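Open the model in your viewer, keep the selection tool at hand, and follow the stops below in order.

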Amino acid sequence: MHESEANMSCTQRSSESAAHYELRFDSLFVEGRGMSFPCDARGQVNLDKLSDRARCNYLYARAVVGREFRTPAVRLSDLH
């Protein structure tokens, strides 16, 4: 790997780690309605960092994908 490629790779990783992501479950029935949960760039939600209520909502949203919510999508979060 050339030095410029290594620098670009490091830059990409540091900007990804500084970014904030959310896993968004959009409603199948009501436009604009849905649930969002903090996650990493791969969509991994840390259940230990969620409140009890948020954890219950997350597990519920996962359970009803295809019935109430669309397949979740990873998005950059506007909130930090």
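Begin by selecting Asp52, which is exposed, with a relative accessible area of 56%; here buried means under 20% relative accessible area, exposed over 50%, and partly exposed in between, with a 1.4 Å probe and protein chains only. Before going further, note that this is a predicted model, in which local features need pLDDT of at least 70 and side-chain atom pairs count only at pLDDT 80 or more, while totals for chains, interfaces and linings use all residues. Residues are numbered from 1 along each chain as its sequence is written, and side-chain values use heavy atoms, with hydrogens and water left out.

Asp52 and Arg55 form a salt bridge, with their closest N and O atoms 2.6 Å apart; the term stands for a side-chain nitrogen of Lys or Arg within 4 Å of a carboxyl oxygen of Asp or Glu. Because the two residues are 3 residues apart in helix α2 (residues 52-63), about one helical turn separates Asp52 from Arg55. Helices (H or I, at least four residues) and strands (E, at least two) are DSSP runs, numbered from the N terminus.

Next, select Asp26 together with Arg75, whose side chains meet in a salt bridge at 2.8 Å, N to O. This pair links distant parts of the chain, since Asp26 lies in strand β1 (residues 21-26) and Arg75 in strand β3 (residues 73-76), 49 residues apart. Arg75 is partly exposed, with a relative accessible area of 34%.

Arg24 counts as buried, at 14% relative accessibility.

Move on to Glu22, which is found in strand β1. Glu22 is buried yet has no salt bridge, and the nearest side chain of opposite charge, Arg75, is 5.2 Å away; Lys and Arg count as positive and Asp and Glu as negative, while His and the chain ends are not counted. Leaving aside residues up to four places away in sequence, Glu22 touches several residues, including Phe37, Cys39 and Val74, where contact means heavy atoms within 4.5 Å.

Finally, select Cys39, which counts as buried at 13% relative accessibility, and then Cys56, which counts as exposed at 55%. The model has 0 disulfides, a disulfide being a pair of cysteine sulfur atoms within 2.5 Å.
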